[in-house]
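Dear colleague,

Please find below the structure I am handing over to you. I would be grateful if you could look through it alongside the notes that accompany it.

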Amino acid sequence: MKKYIIYIVLLALGLFLGWLLFGGNTAPTETAHKHDAATETNQMWTCSMHPQIMQPEAGDCPICGMDLIPAASSEEGLLADEFKLSKNAMALANIQVSIVGKGISNANSGTVLSGKITENENETATMPAHFNGRVEKLFVNSLGERVKKGQAVAQIYSPELIAAQQELITAYTLKESQPQLYKAVKNKFKNWMIHGAQLTEVEQTGHVKNSFTIYSHVSGVVTEIAINEGSHIMDGNPIFKVSNLNTVWANFDVYENQISQFKKGQDIVITTNAYSNKEFKGKVDFIDPILDSKTRTVNLRVVLNNKNDLFKPGMFVEGKIKRIDSSTKKEVLSIPASAVLWTGKRSVVYLKTNPNEPVFEMREITVGKQIGENYLVLEGLNNGDEIVTNGTFTVDAAAQLQGKKSMMNKKGGKVMTGHEGHMDMKTNTSDTKKPLNKNERIAVSKEFQDQLNVVFNTYIELKNALAIDNTQNLKKQSKHLLTYLGKVDMKLLKSKNAHQHWMPLEKELKATANLISNTDDIKVQRTYFKNLSSNMAIALEVFGIHEKVYHLYCPMSDNNKGAYWLSKEEKVVNPYFGGAMLTCGEVKQVIE
């Protein structure tokens with residue numbers, strides 16, 4: 001019995017010790033869990049492509065459907081106009097920076113011009129007909145054939161020459177008594193470039209020749225033939241053209257905004273695919289004073305030595321020529337067009353102010369001429385500054401969200417982005433029919449919808465140009481888009497809510513279209529198109545156009561980050577890969 005009592009006491013003692021060791025920590029543990037929960041509750045989540053989206057929990061972006069990422073929450077040590085992005089957001093949005101003067105080409109490094117080899121017109125002669133007649137036989141039949149001075153080129157029948165020969169025979173018999181008559185008839189043949197043995201034969205035999213042979217009065221390569229056997233020739237009309245190819249011209253097109261960068265006498269290095277390992281040096285010989293109104297270019301000419309027959313007329317060449325800056329001797333910087341955002345007369349870039357952290361600040365700059373894909377920077381940047389060159393729109397959206405200076409807000413402070421009404425909307429994963437439609441329709445007039453429909457139709461033309469890599473048509477359509485956006489009448493929007501939604505959308509659409517029109521880089525244009533499609537989709541969802549629109553998605557676009565676009569038909573024609581992957585994608589939403 002005592003043994004059982006001892007066991008019971010020991011058991012009770014053990015339970016008491018266990019309660020002391022573990023039960024006393026219950027309150028602190030619960031407190032720790034509550035603290036962690038509070039910490040998690042304070043964490044905000046954003047979209048890498050739409051930083052204006054801020055939600056208190058993880059999920060999908062209500063605009064593009066991408067997974068939300070943790071947003072940077074600390075601004076300790078930042079200046080008034082600085083803002084910070086998370087490193088994760090930087091990676092997902094593919095934000096890239098470059099150092100001015102290193103990663104970006106310098107303005108004085110030179111310009112590459114495209115050109116073509118032509119014959120030297122100063123060394124080109126046209127062989128004209130000196131009398132009327134018909135070509136009986138042609139001895140020079142092909143372009144590129146070499147002829148020598150005095151070489152027979154054609155045999156001509158001419159009634160005019162037959163009558164003149166009769167005069168010559170008569171004058172020859174009267175030569176002693178009427179020398180002036182004889183001389184006058186001989187001069188007639190001389191003016192027709194007929195002399196020598198042919199005339200001597202007519203004089204001595206007294207027989208009229210039915211045809212005469214004409215000879216080349218120059219040496220060179222035949223570059224043009226204007227006649228063939230059996231054709232008629234007329235006095236003064238060309239028969240063929242001969243060029244001396246010991247020297248040739250390299251003609252280059254210089255765009256209107258580049259003219260001031262070149263002058264006569266500049267050194268130029270010329271290359272051609274025919275001789276990929278060779279460089280040919282020359283000097284600018286002539287710059288055309290007249291601008292071609294159709295191409296908006298002037299001709300820049302270089303004379304090249306061609307004694308070894310290396311250059312052939314029609315051959316394409318490239319010329320690298322060092323640009324000049326006549327206004328100053330200091331180094332002029334240039335930056336990619338993708339780094340510059342435009343709003344009215346202002347041009348801005350985003351400066352990375354901390355070399356070790358993703359901290360940015362908007363900087364207004366003054367740009368000069370556009371040279372190719374770069375802008376000359378006159379003021380606002382220094383050699384060594386680090387600026388955003390890819391993902392500029394994303395950084396600008398983050399600046400707007402955090403109330404910092406931005407493209408549309410030069411003084412800072414919170415601005416309406418057009419998405420505030422959707423910030424607190426949670427993703428409805430059960431809605432599989434229309435997973436993207438997060439925007440409520442606002443009632444507007446049919447006239448406004450018709451104007452928006454014109455904008456959308458231009459977007460479709462732009463999208464089609466992008467799908468076939470037609471850069472020039474893409475730029476053309478982006479300019480049309482800007483024009484039609486300017487014709488949308490906001491006075492047709494009667495409610496304040498409609499105004500607040502349309503104004504930021506219009507600004508972003510115009511800014512993106514402007515960027516597309518200012519670059520020839522198809523990769524950069526596709527990056528801007530992704531942003532353009534996002535805002536266009538919101539506009540159609542909010543206002544409608546009385547037309548069915550398909551919202552498509554390809555997960556492989558934009559370096560496997562995925563991208564959306566709009567279409568009038570269900571058929572997939574992907575604009576992000578050109579002809580490489582036209583059918584990549586699927587319909588994610590139908591906007592009615």
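This is a predicted model: local features need pLDDT of at least 70, side-chain atom pairs count only at pLDDT 80 or more; totals for chains, interfaces and linings use all residues.

Residues are numbered from 1 along each chain as its sequence is written, and side-chain values use heavy atoms, with hydrogens and water left out.

The protein has twelve helices and 28 strands (DSSP runs, H or I of at least four residues for helices and E of at least two for strands, numbered from the N terminus). Of its 592 residues, 43% are buried (under 20% relative accessible area, with exposed meaning over 50% and partly exposed in between, for a 1.4 Å probe and protein chains only).

In helix α9, the buried residues are Thr471, Leu474, Lys475, Gln477, Ser478, Leu481 and Leu485. Seen down the axis of α9, they fall within an arc of 165° (taken from the directions from the helix axis to the C-beta atoms), so they line one face of the helix. The face turned away from this buried side carries the exposed residues Gln472 and Gly486. The buried residues of α9 pack against α8 (446-467), α10 (496-517) and α11 (522-543), where contact means heavy atoms within 4.5 Å.

Yours sincerely
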